Amino acid sequence: MPAPLSRRDVLAAAGGLAAAGLGGPASADAPAGQATPSGTGHRRRPNIVLYLTDDLGYGETGSFGNSIIRTPHLDRMAEEGARFTQYYAGAPVCAPSRATLLTGLHTGHAPVRANPDPGEPDAPLGQGDVTVADVLRGAGYRTGLFGKWGFCPDVSDHPGHPNRQGFERFFGQATHAAAHDYYPPYLWSDHERYAVVGNADGAEHTYAPDLVLSEALDFIERHRNDAFFCVVSSQLPHSPQEIPRTDPVYEDDPRLSPAARRHCSQVGYADRQVGVLLGRLRELGLDDDTVVLFASDNGPTEEDALDPHSYGAGGGLRGYKRNLFEGGIRVPLIVRAPGRVHRPDASTARARPATRSSPPGTCCRPSPRSRAPGVRFPKGSTGSRCTANCSVHSALWRTGRCTSTGTTRTPRRDRPARTGRSPAARPRRCASATGRPCASPRTASATTPTRTGTSSCTTSPATPPRPPMSPTGTHGRRRAFSRP
């Protein structure tokens, strides 16, 4: 009797069939896993590059409104692609957020639900867990992860090791604790320890993010003729605020403490790394065939005496890392994919939370603005015409008009308030009217007229009428939260 299929087997096979169709047919002459080069008449399957930052707040880039931190490469990426302004991480801390990103499971189902306590091992991924790398590798993609992992012990033979979770190439830190060191004595290169000579005996000459980016660029160049999935899981700008050199732009800024100046320099360092990645893709002729995503795993940190307010890290949102307020889980997402993700007006779009099962933003096309009565769209934004069951489709249906189905639904705020008698208008029934004794003692206040005359039974003061429905849908009270 054949062994039963595991969830990993089923999803990897199904995902392989689905991902094989991304971007159109591949060349019949290309070997398995090899994509068709650009300009051959058939569009190749898209490469996917994800640059994931650590503890970067919603408002820490220029394209998301920051006027202190300079991020020219990310700003240009946003201009050429799309900003997702309602994108939510899977959790307000690193490990569970990254687990939802990798597995597509929310924290009620994902195997990792919390950060490890100090001194405790990381919660690992297991043999039965399926990652996005498993699915894409089953579709013939070459897969690599560079930088922070955090889902296995600091050993090479654990089931949670990246090489056993769908990534054929891994270079970086295996544990969360190791990723807090910007000048480590060693990193992992697949199953082997890679000694960082410049950091031997406590020296600090080789910056880990530089090594990680170098390996990622080498992976991209080596697989330039293949469809590849490359994750740069950067430790920037996580504490401690270690940087080879503080950017001179922040040196004399009186608004920033020394720690904040170093932090802003770390964000700028990540921005330059994204610029190097985009430049290498252009050099290799892969610019139009690659989906590039930039995101963060959770909100900004207050660690190491940092004051996120001083450099606008939260973008005006309440809360930080470890909080379930907006500032802890709402993070920036920028997607650049020429010909695949079109830039909407005002370069804004909606996205699902990080428990996503498909590349965000690829299922919707801009269309004329929906004109549902009473629903205001931000200036310069549009409705969307959907070709799939996505979050934008649901949001438009809730707000009044979905152009893909042609159905109209009146938003709650535009429905007329309920009419009818208020509680005070309903007559009170007592013994003189019904022949039954009163259900509870009543205080003397006023007599109630009945069909037979005036009752000797007294009633409580009339209940004040309920206030009319307010535009927020509550009775004279505003909600404690509002939809962003």
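Residues are numbered from 1 along each chain as its sequence is written, and side-chain values use heavy atoms, with hydrogens and water left out. Because the model is predicted, local features need pLDDT of at least 70 and side-chain atom pairs count only at pLDDT 80 or more, whereas totals for chains, interfaces and linings use all residues.

View 1. H309 lies in the loop between β8 (290-296) and α8 (326-329), where helices (H or I, at least four residues) and strands (E, at least two) are DSSP runs numbered from the N terminus. With a relative accessibility of 62%, H309 counts as exposed (over 50%; buried is under 20% and partly exposed in between, with a 1.4 Å probe and protein chains only). The C-alpha atoms of H309 and L256 are 9.8 Å apart, although the two residues are separated by 53 residues in sequence.

**View 2. Crossing of helices α2 and α7.** The axes of α2 (residues 72-80) and α7 (residues 258-283) come within 7 Å and cross at roughly 55°, the axes being lines fitted to C-alpha atoms over the stretch in contact, with angles running from 0 to 180 degrees between N-to-C directions. The two helices are therefore oblique to each other, a class left after roughly parallel (under 35 degrees), roughly antiparallel (over 145) and roughly perpendicular (65 to 115).

**View 3. Strand β4 and its neighbours.** Five of the five residues of β4 (residues 169-173) are buried. Strand β3 (residues 142-148) runs parallel to β4 and is joined to it by five bridges, pairing requiring at least two DSSP bridges; R169 is the bridge partner of G144.
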